[in-house]
Amino acid sequence: MPFGTKLRLSLMMFLNFFVWGSWYVTMGTFLGLNLNATGTQVSAAFSTQSFGAIIAPFIIGLVADRYFNAERILGFLHLVGAVLLYACYQAQSFSDFYPFIFAYMVLYMPTLALANSVSFRQMKDPEKEFSPIRVWGTIGWIASGLTISYVFFWDSAASLADGSLRNTFLMASIASVILGIFSFTLPKTPPKGRSSDKVKISDLIGLDALGLLKDRNYAVFFLSSILICIPLAFYYQNANPFLAEIGVSDPTGKMTIGQVSEVLFLLLLPLFFKRFGFKVTILVGMLAWSLRYFLFAFGDADGGLWLLLVGIALHGICYDFFFVSGQIYTDSKAGERFQSSAQGLITLATYGIGMLIGFAIAGQVTDIFLTEAGSHDWKSIWMIPSGIAILVVIVFLVFFKNESVSKKFN
């Protein structure tokens with residue numbers, strides 16, 4: 001791949017995740033402090049990601065794969081998205097905010113697949129060429145968090161008090177405009193399908209791969225994937241508000257430790273996978289979720305800060321050892337015929353159904369443990385997802401029979 005093309009694709013990934021990371025990590029804190037949102041309302045806002053994940057295959061399958069170049073759709077979605085993010089920036093109440101963030105996530109989630117599509121179409125050997133480009137997305141997410149905490153200080157105690165966290169949506173809107181314009185300069189990626197081709201709904205959302213559930217092991221893994229998304233939702237929704245409420249300085253910047261960890265453990269995953277196999281790898285990932293929340297339950301902003309930092313750093317094990325391993329396992333089970341359908345199905349199950357359930361539970365639990373003083377009983381809140389993760393571990397340990405998984409790492 002020419003260096004110029006690689007540079008453009010890397011910048012595309014950087015900006016695509018910079019936009020998302022600019023507001024997503026701090027949205028729970030923003031909604032609670034700026035718009036006086038309840039835990040249930042915060043969960044509704046985060047659930048828009050799940051609705052976006054459910055709707056995304058239809059946008060990709062019905063439009064991007066049949067009528068227009070992927071890079072042009074990517075640009076259009078980000079330009080419209082910039083307008084919606086600016087509307088979120090101006091919102092004065094949750095009822096004003098929610099319709100715009102819902103519409104935004106319906107448009108944003110397809111950009112993840114579109115960015116991948118633009119990248120893959122330029123590659124001769126995606127297994128080797130994709131990772132060095134995709135890692136710039138994680139770097140973009142890290143950069144957004146560091147910018148919030150250490151450049152503009154929007155999550156400092158003083159800035160939180162005066163409502164400066166609202167500016168994260170303005171920053172995201174500006175970055176979205178830049179990416180929207182830049183997208184039209186990306187390599188041309190015309191649709192592969194024909195507009196006259198018949199489209200089956202089962203193809204779009206991966207229903208053709210449902211036959212995999214006849215395999216007991218895969219059915220256990222599939223159910224575990226949905227259930228583990230419940231504790232995952234607690235982290236996305238509550239981690240930043242939790243750190244801010246208990247007085248941890250620069251919480252958004254500190255949370256980028258999780259993305260740094262994600263990069264590190266992604267590099268270590270092939271070695272662990274090869275040495276211990278799929279079952280042990282995925283069990284370690286699930287146990288890491290339980291341990292993380294246990295550490296959150298007993299950590300604090302003073303002497304227990306190290307517990308919180310270790311909990312954040314476990315993100316690499318939590319995410320890579322479960323979700324990335326799961327994608328590899330799904331790929332090995334599906335075979336060539338159902339590879340795309342199977343990945344679409346597991347994505348729908350996790351980021352769609354699983355996270356939707358998770359955010360709903362997380363919102364209700366957060367409201368239950370709201371104290372009369374306006375703070376939260378965070379120890380009780382965090383012990384619940386820790387316990388759920390342990391239950392998933394037990395289910396997987398008992399019912400999943402160990403098997404070899406063949407997949408080449410590069």
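Student: In this predicted model, which side chain meets Lys333 in a salt bridge?
Tutor: Side chains of opposite charge can pair when their charged atoms come close. Here the N to O distance is 2.7 Å. The partner of Lys333 is Asp215.

Student: How many residues apart in sequence are the parts that this pair ties together?
Tutor: Lys333 lies in helix 14 (residues 315-368). Asp215 sits in the loop between helix 9 (201-204) and helix 10. The pair therefore ties together parts separated in sequence by 118 residues.

Student: How many salt bridges does the structure hold?
Tutor: A salt bridge needs a side-chain nitrogen of Lys or Arg within 4 Å of a carboxyl oxygen of Asp or Glu. Lys333 and Asp215 meet in a salt bridge. The count for the structure is one.

Student: Is Asp250 buried or exposed?
Tutor: Buried means under 20% relative accessible area. Asp250 has 19%. So Asp250 counts as buried.

Student: What is the phi of Asp250?
Tutor: Most residues other than glycine have a negative phi. Asp250 is not a glycine, yet its phi is positive. Asp250 is in the loop between helix 10 and helix 11 (251-255). Its phi is about 50°.

Student: Where does Phe153 lie?
Tutor: Phe153 also has a positive phi, near 55°. At 42% relative accessibility, Phe153 is partly exposed. Phe153 lies in the loop between helix 6 (126-151) and helix 7 (157-161).

Student: At roughly what angle do the axes of helix 10 and helix 12 cross?
Tutor: Two packed helices are described by the angle between their axes and the distance between the axes. Helix 10 covers residues 216-245, and helix 12 covers residues 257-298. Their axes come within 11 Å. The crossing angle is roughly 30°.

Student: Is helix 10 roughly parallel or roughly antiparallel to helix 12?
Tutor: Angles under 35 degrees count as roughly parallel. The axes cross at roughly 30°. Helix 10 passes helix 12 in a left-handed crossing. The cut-off therefore makes helix 10 and helix 12 roughly parallel.

Student: What is the relative accessibility of Leu397?
Tutor: Leu397 is one of the patch residues. Its place is in helix 15. Leu397 counts as partly exposed, because its relative accessibility is 47%.

Methods:
Residues are numbered from 1 along each chain as its sequence is written. This is a predicted model: local features need pLDDT of at least 70, side-chain atom pairs count only at pLDDT 80 or more; totals for chains, interfaces and linings use all residues. Side-chain values use heavy atoms; hydrogens and water are left out. Patches are made of residues with over 30% relative accessible area and no salt bridge: like charges are joined within 9 Å, nonpolar side chains (Val, Leu, Ile, Met, Phe, Trp, Tyr) within 5 Å. Accessible areas come from the Shrake-Rupley method with a 1.4 Å probe; for residues, only the protein chains shown count as cover. Helices (H or I, at least four residues) and strands (E, at least two) are DSSP runs, numbered from the N terminus. Buried means under 20% relative accessible area, exposed over 50%, partly exposed in between (1.4 Å probe, protein chains only). Axes are lines fitted to C-alpha atoms, for helices over the stretch in contact, and angles run from 0 to 180 degrees between N-to-C directions. Angles under 35 degrees count as roughly parallel, over 145 as roughly antiparallel, 65 to 115 as roughly perpendicular and the rest as oblique. A crossing is left-handed if the near helix is turned anticlockwise from the far one by less than a right angle, and right-handed if clockwise.
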